[in-house]
Number of protein chains: 2
Amino acid sequence: MQIPWRRLLLGNPLPSEAYAHQRLNKAKALAVFSSDALSSVAYATEEILLVLMTAGVAAFTLSMPIALVITGLLAIVAASYYQTVHGYPSGGGAYIVAHENLGAWPGLIAAAALLIDYVLTVAVSITAGVVAVTSAVPSLFPLRIELCLLAIALITWGNLRGVRESGTLFSIPTYAFIGLFLTLIAVGFVRLLTGSLNPIAQPALPVDAAGTAPLTMFLILRAFASGCAAMTGTEAISNGVSAFEKPEADNAGKTLIAMAVLLGIMFLGITYLARTVQVMPVEHESVVSQIGRAVFGSGPLYLALQAATALILVLAANTAFADFPRLSSILSRDSYAPRQLANLGDRLVFSNGIGALAFLAALLIVIFGGRTHSLIPLYAVGVFLSFTLSQAGMVRHWQKTREGRWRTKAAINGVGAVATGLVLLVVIESKFTHGAWIILVLIPLLVTMFRAVNYHYRDMREQVTLKSADRRVGEHWGMPQQHKVVVPLSSLNRASLAALRFACSISQDVTAVIVDVEPQSTARVQEDWLSWYAEIPLVVLTSPYRSVVTPLLSYLEEVDQRDPERGLAVVILPEIVPGRWWQHLLHNQTTFQLKAVLLFRQERSGEARIVINVPYHLCG
Amino acid sequence: MQIPWRRLLLGNPLPSEAYAHQRLNKAKALAVFSSDALSSVAYATEEILLVLMTAGVAAFTLSMPIALVITGLLAIVAASYYQTVHGYPSGGGAYIVAHENLGAWPGLIAAAALLIDYVLTVAVSITAGVVAVTSAVPSLFPLRIELCLLAIALITWGNLRGVRESGTLFSIPTYAFIGLFLTLIAVGFVRLLTGSLNPIAQPALPVDAAGTAPLTMFLILRAFASGCAAMTGTEAISNGVSAFEKPEADNAGKTLIAMAVLLGIMFLGITYLARTVQVMPVEHESVVSQIGRAVFGSGPLYLALQAATALILVLAANTAFADFPRLSSILSRDSYAPRQLANLGDRLVFSNGIGALAFLAALLIVIFGGRTHSLIPLYAVGVFLSFTLSQAGMVRHWQKTREGRWRTKAAINGVGAVATGLVLLVVIESKFTHGAWIILVLIPLLVTMFRAVNYHYRDMREQVTLKSADRRVGEHWGMPQQHKVVVPLSSLNRASLAALRFACSISQDVTAVIVDVEPQSTARVQEDWLSWYAEIPLVVLTSPYRSVVTPLLSYLEEVDQRDPERGLAVVILPEIVPGRWWQHLLHNQTTFQLKAVLLFRQERSGEARIVINVPYHLCG
């Protein structure tokens with residue numbers, strides 16, 4: 001059943017053998033896995049300035065020291081993840097590392113934190129990308145939520161087509177962004193040195209920027225916590241090692257270093273320029289856009305910068321679209337998440353995970369009104385929680401393996417764990433009332449769900465295993481059995497004829513039953529019965545309260561108790577199948593109700609009632 | 001399966017025999033069927049003034065002449081319906097009368113108009129009732145939509161309990177309203193005669209009441225069309241004749257006259273008082289509330305008036321809750337609407353119709369922001385369309401029966417038809433752009449749906465009738481048949497064991513099938529197969545694109561073509577049934593997909609594929 005539009009949209013199905021070949025070279029992998037980390041330079045500086053501004057413009061002098069601390073932290077985290085990439089060449093996300101080395105609970109906490117962060121990555125990147133567009137084209141501002149949803153739809157489509165094509169599709173904007181951003185910084189520095197770059201003439205300060213708060217340590221930490229948004233996405237490569245070309249670990253490690261160096265240069269450069277040209281964060285234009293105008297003027301270079309920023313931000317979401325489905329499928333494989341999440345679609349991607357991510361991110365954007373700034377406080381908790389668990393897990397990993405220079409490696413990861421753990425505490429403390437509490441509620445909820453799903457799957461496997469099953473199977477088989485067959489009817493027609501015919505073909509003990517809800521129609525059936533089905537007994541059940549299901553259930557119990565060794569009565573339901581979907585609303589309401597009740601009902605004997613549908617198709 | 005809270009909420013189930021006794025005496029029937037008509041005096045005068053105001057305050061002198069014309073029209077319509085009640089003692093709604101006398105199309109148009117109007121009756125009455133509350137207690141104004149929804153919930157509950165109790169429940173407020181409103185008019189007139197009633201000191205005119213439009217004929221007609229809202233609900237009694245105590249027609253006729261006289265007195269009285277005390281319509285207080293304050297002061301009598309007005313308006317919706325489900329069930333009985341609408345619930349009310357009405361009215365209130373004035377233009381079209389069709393139908397009825405003084409009766413109905421037809425044209429003309437067009441789009445849509453449903457049911461009856469069915473039934477029956485049975489599996493467990501056991505009990509030609517999506521799991525099944533099911537052949541299907549359904553369907557076709565005279569292959573599906581609802585999300589996705597595909601698929605031979613579910617229940 002191939003549907004043509006499906007092929008047009010998603011491409012031809014790929015055979016399973018193609019899976020191994022769907023790998024990324026370093027250049028494409030940088031585009032797929034680094035867009036999240038790199039693109040965060042488009043908003044991280046702005047988030048620092050927004051917090052400092054509450055203490056007045058003078059506090060802006062602190063932006064550069066804060067950015068330097070964050071860059072140092074980035075170096076530590078990148079060094080840590082470099083170890084992870086080599087320790088786990090098959091792909092070492094925080095979940096796997098924490099689960100294997102620290103145990104199930106830390107692993108699930110890391111998984112919950114990561115899943116939440118992937119959703120936030122999509123939401124934050126896409127809203128920030130749309131801000132880049134509306135900075136250049138203010139008339140689109142009222143349409144920003146619609147633009148966000150459109151962007152999500154496009155990325156979802158790209159990912160449903162498959163990972164190789166995503167790499168090709170997303171390389172161009174990523175490299176355009178890197179090129180333009182580095183050009184911006186270079187031109188900016190040259191113009192600074194030649195003295196031709198002047199501070200931006202600021203419009204009157206907005207009211208809420210009056211800057212009356214005292215410059216406390218708490219405020220500085222809050223600015224630092226906001227700036228840490230620059231580090232999100234650093235872990236993406238370590239999750240995706242298995243998508244690299246062989247040798248996976250080496251390629252992934254090199255890509256990771258390249259990414260960290262680029263990120264550091266871009267973040268420090270843009271923060272320095274922001275200080276020098278005295279940018280002030282305003283609602284309708286991003287900080288990067290203001291710097292772009294100051295350095296490039298409002299000409300084509302500026303527009304290209306905004307376009308590339310918008311594209312890389314919108315595509316940064318793609319990192320999450322690569323990782324969220326992958327992590328879901330790993331959780332599913334470990335029986336912590338519903339099995340559907342592990343199904344490879346016919347384009348060799350985890351289609352269900354992609355769909356779930358797109359839905360959740362769109363929901364978040366609509367709820368938070370498309371405002372990046374409102375989403376940021378939710379963002380960092382999960383990131384640093386998973387960083388910390390992952391580094392701590394690596395320390396245990398090296399202690400267990402004790403290979404080569406394991407003490408050095410453990411020390412590097414140990415420093416990473418302590419540093420990111422401290423940042424986590426700072427983030428929780430300084431952002432708690434701004435939204436971080438939501439994440440601290442969500443993570444335990446998700447972990448509880450993982451445990452419940454896991455318990456259910458394990459319990460089910462124990463219940464259905466054949467290990468202790470009755471071996472007298474062969475004895476009965478091949479011996480046809482006289483089932484007690486009950487056929488409920490509401491009128492006499494070809495559908496009931498088909499049901500009765502099948503009933504008689506599998507058993508000689510068939511009873512037709514009619515529930516007397518409308519006396520006239522019952523009388524008509526009784527009248528016609530003899531001429532059509534004289535051989536089959538017809539039982540009429542009274543129903544003073546006009547329910548069909550209740551009298552039928554009592555009757556079935558009665559039949560069950562007759563000759564109990566012959567098992568429960570088998571129910572055969574005639575079902576009229578109309579040709580069009582809307583016509584289903586006009587039929588079979590009672591049949592559906594009956595099927596649901598019979599399927600979910602635990603019979604007293606513990607046996608299961610078998611229900612047979614005999615469809616009767618109507619034409620057109 | 002009686003659920004205790006259901007009994008508490010709705011009362012014990014009523015046996016079918018109780019149906020005939022659930023009748024209303026005249027006093028209760030007036031409360032149930034007249035609240036719609038009577039309560040419209042709470043807003044009709046205001047709607048006239050709102051239109052006239054656009055031409056300046058001087059135009060208010062026209063309100064009394066307009067009210068007199070509407071009262072005359074009311075007399076004509078009441079006389080017409082008095083004929084209908086006697087001509088159709090079993091209940092003569094516009095649908096029945098138009099359908100029997102004018103044909104199917106006019107009948108369905110009347111039915112569509114009525115159904116729409118019942119929904120609007122609920123929406124208009126409830127929003128106006130909430131205005132009566134917020135006029136007295138302005139602090140509740142922001143909660144008006146919530147109050148509307150609460151009121152709908154309460155009425156729905158009353159109606160689901162059954163019609164007799166609705167009569168008792170709703171008598172007190174109806175009679176309280178009639179008493180207080182007549183007192184208001186009487187006291188008002190006495191104070192006028194004694195010269196102690198002074199015009200209300202008006203606050204500064206609101207901006208939109210500047211009154212700059214010229215007083216054209218079109219504007220006067222629009223004021224008249226708005227005032228016709230007073231006549232809505234006049235037909236309610238004629239629809240509900242069968243709910244009266246015997247003799248139904250006489251009792252209904254007397255109740256109708258009482259209602260029309262009361263309505264005329266109240267409408268003229270309040271309009272006259274509004275003129276005399278020079279009321280000006282404002283947004284936050286209703287006209288009746290202003291008059292009440294002027295006549296009674298702001299004391300307890302005023303508050304009682306507002307409370308009674310609110311109650312009767314909210315309960316006026318009850319008229320629709322009596323009639324909408326009744327009309328739906330009649331349409332359903334005539335195969336124009338889904339059958340579920342004809343199901344009497346266990347409290348002897350048409351529960352599905354009641355639920356549908358509640359949902360649609362709530363939707364309308366939310367969409368129109370709880371504003372009565374925005375809903376009024378939608379209201380009158382359907383009312384006068386059904387009036388006209390019903391009267392015209394009665395003219396034909398008397399021409400056909402030619403009993404007694406049929407010429408007089410036909411003449412009375414003829415006058416009614418012409419008068420209401422003219423009003424219909426006025427309403428469409430003057431209200432078209434204000435919302436009447438919505439109704440003119442909806443009615444043809446509904447009629448098309450009725451026809452489609454009707455066509456489908458008739459077509460189905462022809463397709464399933466036994467009249468031309470194969471009579472060789474007896475020959476085959478009693479002869480067990482060797483069905484070709486196919487059991488699709490995904491793994492070997494107790495669920496598959498149960499399915500295979502049942503398969504072997506009904507046939508000796510059983511084949512197990514596994515689709516090779518995960519090679520490891522397939523290999524495991526093949527390994528274990530011999531020790532468990534050596535007697536049954538196991539077929540492994542390859543699936544390069546990882547679909548389970550597609551290879552299975554091709555395999556089934558292959559089996560079907562083998563020994564075609566033995567019919568299509570029967571499919572037996574093992575199904576794991578978990579104990580909790582959320583666990584269903586974790587199971588059987590493929591089984592559900594397969595069942596849906598097999599059920600909806602028309603096989604080439606035209607035969608229907610039989611599908612058997614063998615459930616396996618998990619504990620807790």
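Where is the place of P247(B) in chain B? P247(B) sits in the loop between α10 (236-239) and α11 (248-276) of chain B. Helices (H or I, at least four residues) and strands (E, at least two) are DSSP runs, numbered from the N terminus.

This is a predicted model, in which local features need pLDDT of at least 70 and side-chain atom pairs count only at pLDDT 80 or more, while totals for chains, interfaces and linings use all residues. Residues are numbered from 1 along each chain as its sequence is written, chains are lettered from A and ligands numbered from 1 in the order in which they are written, and side-chain values use heavy atoms, with hydrogens and water left out.

**Backbone features**

Most residues other than glycine have a negative phi, and most peptide bonds are trans. The peptide bond from K246(B) to P247(B) is cis, with omega near -5 degrees. In chain A, the bond from K246(A) to P247(A) is also cis, with omega near -5 degrees, and P247(A) lies in the loop between α10 (236-239) and α11 of chain A.

S335(A) is not a glycine, yet its phi is positive, at about 65 degrees. S335(A) belongs to the loop between α13 (300-333) and α14 (351-367) of chain A. Its relative accessibility is 8%, so S335(A) counts as buried. Buried means under 20% relative accessible area, exposed over 50%, and partly exposed in between (1.4 Å probe, protein chains only). D563(A), likewise a residue other than glycine, has a positive phi near 45 degrees. D563(A) is in the loop between α21 (549-561) and β4 (570-577) of chain A, and it counts as partly exposed because its relative accessibility is 34%.

**Helix packing**

Two packed helices are described by the angle between their axes and the distance between the axes. Axes are lines fitted to C-alpha atoms, for helices over the stretch in contact, and angles run from 0 to 180 degrees between N-to-C directions. Contact means heavy atoms within 4.5 Å.

| Helix pair | Angle | Axis distance |
|---|---|---|
| α2 (residues 26-39) and α11 (residues 248-276) of chain A | about 40 degrees | 10 Å |
| α12 (residues 287-296) of chain A and α13(A) | about 155 degrees | 9 Å |

Angles under 35 degrees count as roughly parallel, over 145 as roughly antiparallel, 65 to 115 as roughly perpendicular and the rest as oblique. Thus α2(A) and α11(A) are oblique to each other. Residues of α2(A) in this contact include L30(A) and F33(A), and those of α11(A) include M259(A) and L262(A). By contrast, α12(A) and α13(A) are roughly antiparallel to each other. Among the residues of their contact are V288(A) and F296(A) of α12(A), with L301(A) and L305(A) of α13(A).

**Nonpolar cores**

In soluble globular proteins, nonpolar side chains tend to be buried together. A nonpolar core is a set of buried Ala, Val, Leu, Ile, Met, Phe, Trp, Tyr and Cys residues joined through side-chain atoms within 4.5 Å. The largest such core has 146 residues, and F33(A), I126(A), I291(A), L331(A) and F384(A) have the most contacts inside it. Helix α6 (residues 104-136) of chain A gives the largest share of this core, 17 residues. A second, separate core of 145 residues includes A44(B) and L313(B). Leaving aside neighbours within four places in sequence, the residues in contact with L331(A) include Y95(A), L108(A) and F450(A).
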